Amino acid sequence: MHRKGTNQHDVQELNRILFSALENSLVGTSGSTFIHRLYHGTIVNSIVCKECGNVSQRQEDFLDLTVCVCGVSSLEEALWNMFVEEELFEGNNLYRCAQCDRLVNAAKSAKLQKLPPFMTMSLLRFSFDFAKFERYKETGRYSFPLTINLRPFCEQTDGEDSDYTYDLFSVIIHKGGCYGGHYHVYIRDIDELGQWEPPEEDVKPKTQKKVKEVEKEVYEPKLQEDDPLSVLTAIIAQEPSKSVLLDQLGQKLMNEIGSSWSKKFRKHYGPIGKFLQSHNDVFMLVSNGTRVALKANPPSPVTELPGPAEQTINSSTTPDSGDSEQHPGPNQKPEPEPVQGSHWFDLNDSAVTSIRESDIEKQFQGKESAYMLFYRKTQLHRPQEALNNPPYKVPSHLIQMAQDENIKLHQMREKFEATNNTVELHLHLAPSYRLENGALQPLSKEPNGSIPLSFDRRKTVGDLRLAIYQMQELWEGDMALTVAKSLPAGLHLYNTLRDDSVSLYSAGIYTNTDLFVWNGREVCGASVLIGAEWEPVLLTVVRPYLGEDVEQHVEDEAEYEESKGGFENGGPGLKKEARGFAGGVTLSEVKEALGEPKESLLCQEHKGGKGREQGAGEGGGASGWRVFPPDDMQRTLKELSLKDGDALLVLEPQSFDSSVFTRNGDLVTVTTPSDSRWLQVEFRSHVKGGEGEKEEEGKRIKVLATGSTLLTEVKQRAIEELMLQELPGAQYCLRQVDCTGKLLPPVCEELSVRDAGVRLMTTLTLCPGKGPKASQLFLQFTVGTAPSAGMEMDIIVEKTCTVKECLQAMLDAVGIDGTCWHLRRLDWCEEVGEPLMEEDASLSELKISNGETLVVTEGHLPPKGFLKIPVWLYRDPKNVEADFNHTISGPAEEALMEDGQCPLVSGGNTAELKSVGLVEISDEAMLEDLKAQVLTLPALQDMCVPTTGFMRVWQMEGRRPARILRGPQVTLKKLKLSNGTDICVQQLLKEEDLGPKEVLLNVKMGVPGERFYYPPEELVWNASHDSSPRSLRSCLAAHFGLSPDSLLLAKHQPDKHMWEEISNWTQQVSKKKKKKKAESLLGAPFHLKDGDTIGVKNLLIDNNRKFTTVEDEQGQQRLREQAEQRRKGGQAAGSNDAGSQKKAGQTKSRKPEVALSINVGVFR
Ligand SMILES: [Zn+2]
């Protein structure tokens, strides 16, 4: 019974609702007075006039008594205060007597008048602190007796003692604080129907260990510490009681193996509880599920009694448990004695545990303490027949009903378990496999060579074997079932199921397990290496591809792949072959298996070499390999951490004669063989070829080239072969094409293929135009705006030319004159970026690179170190109320106006921005200088600001104020203001100096029960020490004078018109290492920043947990319509869809609360 939040009913309320629902359902039956008869009592309140003695009385009914806890130490004291103490009317507080007809001294008192058979007491543990304006829970000590005599509190006191005596039979306990918690209940099993066992007291680990060490030798000489099944079995077996309390199992495991379950087994075996459950053929739960025992060796009544060590501790610590704990010595045969005293149980969710009567005292005080008490009259004796007799006086039709339900439940469980326990197995039969490359390969190439089999995993291995024998009638001889796994290299075998008596469950068989069915010795005469250490690795064996004789050989081997021309496939001129090898074999064994002579070298791809090989720098297409050192030859593939797909280069002695390999120490460079030495050149007559201009057919040729061939030679040969030389005076350049088909800057033809970063066997495009010399740069430029693709112009300039000269060359090229221009670079997102300030610096000094795009920008270069900053004025919605447009729906607004409350501001960020000009200021200037400059703008002449502290400066992002610039003495450079950044200034009514981690938030409190908010307030949240939701919560709580726990928070997302709830419980959810970081509201997912709007709900008085307003829904509707329109391709979608309006609420919908109704049917 979990409760969260405050608008849920508390258990006291639930009790009353339950009673009333029961009563309603019993109307008209013979049980209609049932609740009344059992629980109804009365109190009589009397006021006695001290003048005339007139008594005025008023009777009060109760089903439960609410008693004070605050300032009271016990139930008796509370009852004394209520029913014995008199309240006097005197002094200023006189009573008007009807008889005397004037104000008189009087005494007021109350007495219990009618006592119900069952007396329920609700303890007022929850109080309201009016000073702090918050709820709190009384956790002080408050005792209550097991038996109470109510005579002193009654009006009539002349009855028998037994008329007033009550016994406690149930206690509801609340655990937690006042805004959430958990209930459980202690119940006395009066008829002793449950299986109550004296709970074990906590045993001191020291004694326990001693006992264990002795027992260890006796019970379990060998312990396989890596096998949880074996460890747990041993632990339980060595307990004298043959069972272990579930919650002590962890500690016992720790004592046994020196490591916790989580540390040692959880990763592979899951939580311990699950593990026990999944091995229910080994373990069983006893004592109402609180203890675990072994099925094979279940606890007997004798062994279940505590052992000698525990016995002494028990008898010394639990004096109240009486005779029952005095067991005879271990050598005497103990007689099971019935346990005396009350049988109490703790019902906690699904767990029911036996407790001692003395445990009730633990609930006198604390966070977890008694909350409701249930007493019954001692007179209500239970007949002897009721003892241990569950069906006693239960009508037979109900017993029948329960039995029927149990049968149904049992059947359902069977069915569920059957489906839940069915595993799909894949059987692989040995006759259809051969052993090859260290793994099993199917003989046929069919992909589904396995036989599917559905099997109940509660059945044993023996059952499975039998089933397979039956399926495979022709099977002869032994049958071994071995767990297999399909690896890249083939099928590999792991553990063989040897014990026919264990279930598949315990044998670790899950659904989709592959099982290899064989004779357990060999496959096709070859013995099989099984287990993880022999897992085969699928290596890519790379060999040089040297000539026809190799080619001949290649044709025989189907697995050879041609890799000529692919750098990715291990290098040009290399052949690669996938071969599997058992992980346990050494490299020299691999060499032998490959049929290589001793002198052959094995090489591994050079780790650093991979990137270099793929980079542009190599030119010739060489790749780097490292020869395995001699020591490695005796190491296994596992030891060398070779993985599937790793490449292994085999260098045969004769390879060293070839020009392909260069060996330098243990490094081998594989260079491009001669048949790979070419470049493809294709001709394009137009550089800016659009879609329509596909290159002409046949204008593509191959030119022989090596890494050291100069690109001019390549060009010359291409021009000759393409017969372009007859076009007189035409200039051509070679350009590379990127993966999107875009032409890259022309290559420098003075360089070799390798130096220019051109790789062999790629394509170059021959275009009209000029290529740059080695001393030149090929630049692209646009005028005025950021370039759009294909609209750039090209220019070639000397690297040594200055920015000024470069600008002039560009202006000349486009035919613009004038001096009022400067050059800017592009920033990383291809927008016009920083200007090139140093006009006299050379392009190479400024590190302008080949192919870069510059923007010729109108206007003088801003003075050095000066920023040009467009300024906006933030017009606060409060100050521009006149032209503020309310969008609140009619009725809500009217309602508020009637109440005389201030008009609401919807949306929050509806401030107006107005452009007020531009300031030019040095980036060395401080923020306060910027503010002073801004104030000189003509448009702000009327703005009255006593000091710059009264002015807030926002940095804009995407036309929205996004960050408040902090620190009056901080320079603009440090604030990272740059040219092109817009700022926005806001006038404040009080001075402000925000710290670096103080966040300015707009907070608005929801109007209780409504879908709108009070006007937003600015709130500075200091997140410098703690930026967690809790910190924000307490900041807001302090601001509003409320308890943090009663607040519900959400961040508004103005773009989406949605609210993102800031959970109360983050801290409990994220127990990971990076807890602090993960919790920060400044990071993902909330990214709280200046100006964000935080919605606040006070759950104490607000039952509307949704943050969305009508405007949000309208906004969402607009967004949907816009999306719809975009989808429909601009088709007008004007209709107002009622259905989508309904869906508008984006916040999590809660199930509505419904009235509790109980149907009793026929009451007999
Ligand atoms: Zn009187």
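This is a predicted model: local features need pLDDT of at least 70, side-chain atom pairs count only at pLDDT 80 or more; totals for chains, interfaces and linings use all residues.

Student: Okay. How many bridges join E15 to strand E17, then?
Tutor: Three bridges join E15 to E17 (residues 291-294), and the two strands run antiparallel. At least two bridges are needed, so E15 and E17 count as a pair. Ser243 stands opposite Ala293 in E17.

Student: What is the strand order in that open sheet?
Tutor: The order is E15-E17-E16, three strands with antiparallel pairing. Strand E15 (243-245) and strand E16 (283-286) are the edge strands, each pairing on one side only. Neighbouring strands are turned by 30 degrees against each other on average, direction ignored.

Student: Which helices lie across E15, E16 and E17?
Tutor: Helix H5 (residues 228-237) does, running at about 100 degrees to E17. Helix H6 (residues 246-257) also lies across these strands, at about 100 degrees to E15.

Student: Switching to the five-strand sheet. What's the order there?
Tutor: E53-E52-E56-E54-E55, an open sheet with mixed pairing. Strand E53 (1017-1022) and strand E55 (1058-1062) are at the edges with a single partner strand each, so one side of each has no neighbour in the sheet.

Student: How do E54 and E56 run, parallel or antiparallel?
Tutor: Antiparallel, with five bridges between strand E54 (residues 1047-1053) and strand E56 (residues 1093-1098). Leu1049 has Val1096 in E56 as its bridge partner.

Student: Now E9. How many of its residues are buried?
Tutor: Six of seven, so strand E9 (residues 118-124) is mostly covered; buried here means under 20% relative accessible area. E9 runs parallel to strand E4 (residues 65-68), joined by four bridges. Thr66 stands opposite Ser122 in E9. E9 also pairs with strand E20 (residues 368-377), in the antiparallel sense over five bridges. There, Met121 stands opposite Leu373 in E20.

Student: Side chains in a strand, where do they point?
Tutor: In a regular strand they alternate between the two faces of the sheet.

Student: Let's do charges. How many salt bridges are in the whole structure?
Tutor: A search finds 26. One of them joins Arg465 and Asp500, at 2.7 Å from N to O. Arg465 is in helix H12 (residues 461-471), while Asp500 is in the loop between strand E26 (490-496) and strand E27 (513-518), so the pair ties together parts that are 35 residues apart in sequence.

Student: Is Arg465 buried or exposed?
Tutor: Buried, at 13% relative accessibility. Asp500 is partly exposed at 33%.

Student: What does Asp478 pair with?
Tutor: Arg521, with a 3.2 Å N to O distance. Arg521 sits in the loop between E27 and strand E28 (522-523), and Asp478 in the loop between H12 and strand E25 (480-487). They are 43 residues apart. Asp478 is partly exposed, at 47% relative accessibility.

Student: And where do Glu713 and Arg717 lie?
Tutor: Both lie in helix H16 (residues 711-721), four residues apart, which is about one turn of the helix. Glu713 is partly exposed at 36%, and Arg717 is partly exposed at 31%. Elsewhere, salt bridges that share partners join Glu417, Asp456 and Arg458 into one network.

Student: New topic: which residues make the nonpolar surface patch of about 240 Å²?
Tutor: Val394, Leu398 and Met401. Met401 is in helix H11 (residues 396-420). Its relative accessibility is 49%, so Met401 counts as partly exposed.

Student: Last one, Thr857. What is it in contact with?
Tutor: Leaving aside neighbours within four places in sequence, Thr857 contacts Cys820, Trp821, His822, Arg824 and Val832. The C-alpha atoms of Thr857 and Trp821 are separated by 5.5 Å, though the residues are 36 apart along the chain. Thr857 is in strand E46 (residues 853-858), and at 12% relative accessibility Thr857 counts as buried.

Definitions and conventions:
Residues are numbered from 1 along each chain as its sequence is written. Side-chain values use heavy atoms; hydrogens and water are left out. Patches are made of residues with over 30% relative accessible area and no salt bridge: like charges are joined within 9 Å, nonpolar side chains (Val, Leu, Ile, Met, Phe, Trp, Tyr) within 5 Å. Accessible areas come from the Shrake-Rupley method with a 1.4 Å probe; for residues, only the protein chains shown count as cover. A salt bridge is a side-chain nitrogen of Lys or Arg within 4 Å of a carboxyl oxygen of Asp or Glu. Buried means under 20% relative accessible area, exposed over 50%, partly exposed in between (1.4 Å probe, protein chains only). Contact means heavy atoms within 4.5 Å. Axes are lines fitted to C-alpha atoms, for helices over the stretch in contact, and angles run from 0 to 180 degrees between N-to-C directions.
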